[in-house]
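I am opening this notebook to keep a record of what I looked up, entry by entry. The sequence and the structure come before my notes.

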Amino acid sequence: MRQSKRYITVIFAGRGGQGVLTASLITAHAFFLSDYDVKKSDIKGIARRGGMVLSTVIAGEKVYSPKIVPETSDIAVVFSNDLGLNFSEHTTLVLPIDEEIIKYQKNLNIFSIGKLSTYLDISPETWEKAIRTKFGDDAYSINISAFYEGRKSARLFGVS
Amino acid sequence: MKALLTGNEAVAIGAYEAGVFAATGYPGTPATEIIETIARYKEVYTEWSVNEKTALEIASGFSLSGRRTLVVMKHVGLNVASDPLISLAYTGVNAGLVIVAADDPGMWSSQNEQDSRLYGRIANIPVIEPSDSEEAYIFTKRAFEISENFDLPVLLRLTRAISHTNTVVNIENKRQEYYRQYFINPAKNVLLPPFTSKRRLSLQKRIEEFRQYIPQTGLNRVEIIEDKAGIITSGITYQYVKDALPVASVLKLGIVHPLNHQEIKKFNSMVKELFVIEESEPFIEDAVRALGMRVRGKQDGIFPWAGELNQSIVREAFNGIYSTSGEICEESYSTLCAGCPYLGMFYVLSKKPLFIGGDIGCYTLSVRTFPHILDTTLCMGSGISQAAGYSIAKKERAAAVIGDSTFFHSGIQAILNAIYHKANILVIILDNHTTSMTGGQPHIGTGKGLREAKKKLLIEDVLRGCGVEYIRRVGAYDIKDIENEVNKGLSMDGVTAIIVDGECIINKKKGGMFYIDKSKCSLCGECLSLGCEAIVKTEDSCIIRNICNGCGLCIQICENEAIKKIHNCNLCR
């Protein structure tokens, strides 16, 4: 949908309850704290019933439209395999493998943004601050370790 | 201070800093979070009102008493509030009164995609439209000043993509104090002749004065780049235009009603060809056409009317490729949850060949799993009256389902009418103790407010007061009980009522899990007819997925006794 590469676009997709909106808001905050102009937009429809949740983050020097379509996103962070979304060959896909889905049931979202973080020019300290905005002390320490495990696994295996 | 806020949060913070005394409203996507955000400020009186009409009327009382007030609703709620709205333009306000209507082009979570800006024309009040969260914050503050300076209620129109997008906002972090003395003034506030005629003429004068003042508000702005194409736009569409047509000149309207004629004419004289690009109706376009200007837009078939626009649609339309519609929600992403307290009642109703009037709430989602139960879904409170009409004309028994919050919102009037006019219906009130579809807001039947406990109103008491004689409350998870009560309720004449009592499963502690013993499953499919999201069919048996909430409904309908409780299992959670 975009004409030029004036933006970085990231799309988050998953099912209700997987923390899609938390992941996208943390990512948007990380861009925000790194002095990007950023817009984060949700398609959540009926507030909290089941089904697919999509959220998009666009960052750049000056961002206008908050919209991107899955086919044209730079990076897609996907929490389930069965969402039926189409991505182009230009989209970097951040997708958990089955073992990770089982291991990180409660914080797959934060684990996934750990992976995502290796593709973005944002310092780990900034990510920590962004994650801090969403969690209290106990939840923070659990999630921050999920984040770093995600970062490590991305380095070890590349993206799936 | 900079913050990354949704449009809804920005409106709430803007209103707080403008010194609002009160914020009222009724939950509705995409507007809901405005009240929830402002409720965090203890200084602000907040309430989920019983419906939007009441929300606006109580707000008018706050305004008369001298206090700034914000009223929040979704677009269809504005229809409910439209009666007081239009007459409030005649009386005017005392302290600022700002009404937020959040529209849902594309119908991501609504039954229609009406354009609330049109109410600006019906009521003759200013309509202000922000294009990101920063503007939502600033425009909200300005809206209160405009309301007071021109003695008019002001409509702040949002759309989904504004309400639910986080953008960067510069916040002042300073709350203003505001109070304006009230003086009795029947000539202004009592709409009876001869006052009405004077107020009608006064309204014309007030809105004309505002029209002349518009350039001084600074809420409209001209961006001249190239002179080949000039685009008048507003709201989120401005953002699409900037992405799609970076060299076009733009007149960006923050005030979309009324229009300042000189502003439009001046912009027209600066460009070779004039376009209006906007979502929903050709609202600005028609007003510009009425000024006698040559303009291109929806009326001559360049841009689509329906759905949400985006930068691709705008760019392609500009290059002569017409889209018949913008983005429209084509498939509901939502279904009833596994273990939803509505499933048992719908299972029972699925075996009854009845006309059943539906309503607006989670129960509407039953259509995805039970396509032939609900006959209708129209608007809040409508199902009872639709069933009543059907029963009277057909001379047969009909039924209606309605939620607890919707019952209080507008179901009560329908019941009074049905009783008095001798309709022959069973009213089923699905009481899940919350307003669940919009995310679980309290209502007057819950005993909760936004911040504090309240005295709970009982549905039974209200029904009895309306004149319903047969009222039964039944647990949501006992299918035999539900069936007996439905049969009894249907066997009688007149208006009978059943309240199905079961807390929304999202708010409830999970009650373990069930599994299906493959060796006993005959694949009869009866458990599937429950419509529970957790149960799916595989080649050799039905299975229960780990989203099971342990409600125990399926165990009651499996004739093979194949469904069993998992004991002491933590594997799947």
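**Entry 1: the two chains together.** I count two residues as in contact if their C-beta atoms, placed from the backbone, lie within 7 Å. With that rule I found 29 residues of chain B in contact with 25 residues of chain A. I note at once that this is a predicted model, in which local features need pLDDT of at least 70 and side-chain atom pairs count only at pLDDT 80 or more, while totals for chains, interfaces and linings use all residues. Residues are numbered from 1 along each chain as its sequence is written, and chains are lettered from A and ligands numbered from 1 in the order in which they are written.

I next looked up which elements are involved, taking helices (H or I, at least four residues) and strands (E, at least two) as DSSP runs numbered from the N terminus. On the side of chain B that touches chain A, the elements giving two or more residues are strand 8 (165-170), helix 11 (235-244) and helix 14 (311-318) of chain B. Strand 8 of chain B also pairs with strand 2 (residues 37-43) of chain A, in the antiparallel sense and over 2 bridges; two strands pair if DSSP finds at least two bridges between them. Within this pairing, K40(A) stands opposite N166(B).

**Entry 2: chain A.** I recorded 5 helices and 5 strands in chain A, and along the sequence they follow the pattern β-α-β-β-β-β-α-α-α-α. The axes of helix 1 and helix 3 (residues 108-117) of chain A come within 9 Å and cross at roughly 35°, where axes are lines fitted to C-alpha atoms, for helices over the stretch in contact, and angles run from 0 to 180 degrees between N-to-C directions. Among the residues making this contact are I26(A) of helix 1 and I113(A) of helix 3 of chain A.

**Entry 3: the cores.** I call a residue buried if 20 or more other C-beta atoms lie within 10 Å of its own, exposed if 12 or fewer, and partly exposed in between. A nonpolar core is a set of buried Ala, Val, Leu, Ile, Met, Phe, Trp, Tyr and Cys residues joined through C-beta atoms within 7 Å. Which members of the largest core, with its 139 residues, touch the most other members? They are V38(A), V77(A), V100(B), L156(B) and V241(B). Helix 1 (residues 20-33) of chain A gives the most to this core, with 8 residues. Apart from it lies another core, of 72 residues, including C340(B) and M513(B).

I then followed V38(A), whose contacts beyond four places in sequence include F31(A) and V57(A) as well as L4(B) and V168(B).

**Entry 4: a residue of chain B.** A102(B) is found in strand 5 (residues 97-103) of chain B, and I note that A102(B) is buried, with 30 other C-beta atoms within 10 Å. Its contacts beyond four places in sequence include P30(B), H75(B) and L158(B).

**Entry 5: a sheet in chain B.** I found an open sheet of 5 strands in the order 14-15-16-18-17, with parallel pairing. Strand 14 (356-357) and strand 17 (470-475) of chain B stand at the edges with a single partner strand each, so one side of each has no neighbour in the sheet. Strand 16 (residues 425-431) and strand 18 (residues 496-501) of chain B are joined by 6 bridges, and L430(B) has V500(B) as its bridge partner.
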